[in-house]
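User: I'd like to understand how the two chains in this model meet. Could you take me through it, beginning with whatever term I need?
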Protein chains: 2
Amino acid sequence: MIVKTPKPPYFAVIFTSIRTEAAENYAEMSNKLQELAKQQAGFLGEESVRENLGVSVSYWETLEAIQIWKNNAAHLVAQEKGKNVWYEKYKVRICKVERDYGFEK
Amino acid sequence: MIVKTPKPPYFAVIFTSIRTEAAENYAEMSNKLQELAKQQAGFLGEESVRENLGVSVSYWETLEAIQIWKNNAAHLVAQEKGKNVWYEKYKVRICKVERDYGFEK
């Protein structure tokens, strides 16, 4: 689903990743983290797709909200497990959305 | 593939889309545009994934390069066809990448 975001500026975290073969608890943790993020102040939504490459973009009201999410206890556990088990490689990019526009039929 | 980007700041265009059923010339145009983008000064690369939702993130050295690409003749034709034929809905977000970090096994 395309996230309904407010008028810019707002912030985006682009998380691009390549998984390992290890699926251990990945789906459960992924669902749990999505639920937790939704409860956090400043979270606007996420657009997430995976083929071999995964691209997940989460949107946030402020940089502070991104920082608080980065340090969320359950998220810290997931980050550690991500490095040890789930991901072969990833990149995180923190962005300021300066302009946007859309189209709908 | 995860794009090798330079030290921030650089720029990202997040293109999130939902397709129509119409596939007419879509793959050809998509490949052609990727080739053209690669030839443009300031283009750094693209990360693109589609399930039902498509998320494509292209990276650029400057906002000017993004503007030039937006007005590229072949790209203008594709944008028009995108609205008329290929896309049900899309959103374009122009971002400044302020910070990044990565992990590799």
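Analyst: A polar contact is a pair of N or O atoms within 3.5 Å, and within protein one of them must be able to donate a hydrogen and the other to accept it. This is a predicted model, and across the interface of chain B and chain A the rule finds 29 residue pairs in polar contact, with both residues at pLDDT 80 or more.

User: Which element gives the most to the side of chain B that touches chain A?
Analyst: That is β4(B), which gives 18 residues to the side of chain B that touches chain A. By class, that side of chain B has 23 nonpolar, nine polar and 15 charged residues.

User: How many bridges join β4(A) to β4 of chain B, and which way do the strands run?
Analyst: There are 15 bridges between β4(A) and strand β4 (residues 87-104) of chain B, and the two strands run antiparallel. Along this pairing, A:D100 has B:R93 as its bridge partner, while A:E104 stands opposite B:K89. The side chains of B:K89 and A:E104 also meet in a salt bridge, at 4.0 Å from N to O.

User: How many salt bridges are there between chain B and chain A?
Analyst: The count between the two chains is six.

User: And how much area do they bury?
Analyst: Chain B and chain A bury about 4300 Å² between them, with 57% of it on carbon and sulfur atoms. In chain B, the residues that lose the most area to chain A are B:I2, B:Y101 and B:F103, which together make up 18% of what that side buries.

User: Switching topic, what does strand β1 of chain A pair with?
Analyst: Strand β1 (residues 10-19) of chain A is joined by ten bridges to β4 of chain A, and these strands run antiparallel. Within that pairing, A:I18 has A:K89 as its bridge partner.

Terms used. Residues numbered from 1 in each chain as written. Chains lettered and ligands numbered in written order. Predicted model: local features only at pLDDT ≥ 70, side-chain atom pairs only at ≥ 80, totals over all residues. Heavy atoms only, no water. Pairing = 2+ DSSP bridges. Helix = DSSP H or I, 4+ residues; strand = E, 2+ residues; numbered from the N terminus. Buried area = accessible area lost by both parts, 1.4 Å probe. Polar contact = N/O pair within 3.5 Å; in protein donor to acceptor, adjacent residues only side chain to side chain. Nonpolar A, V, L, I, M, F, W, Y, C, P; charged D, E, K, R; others polar.
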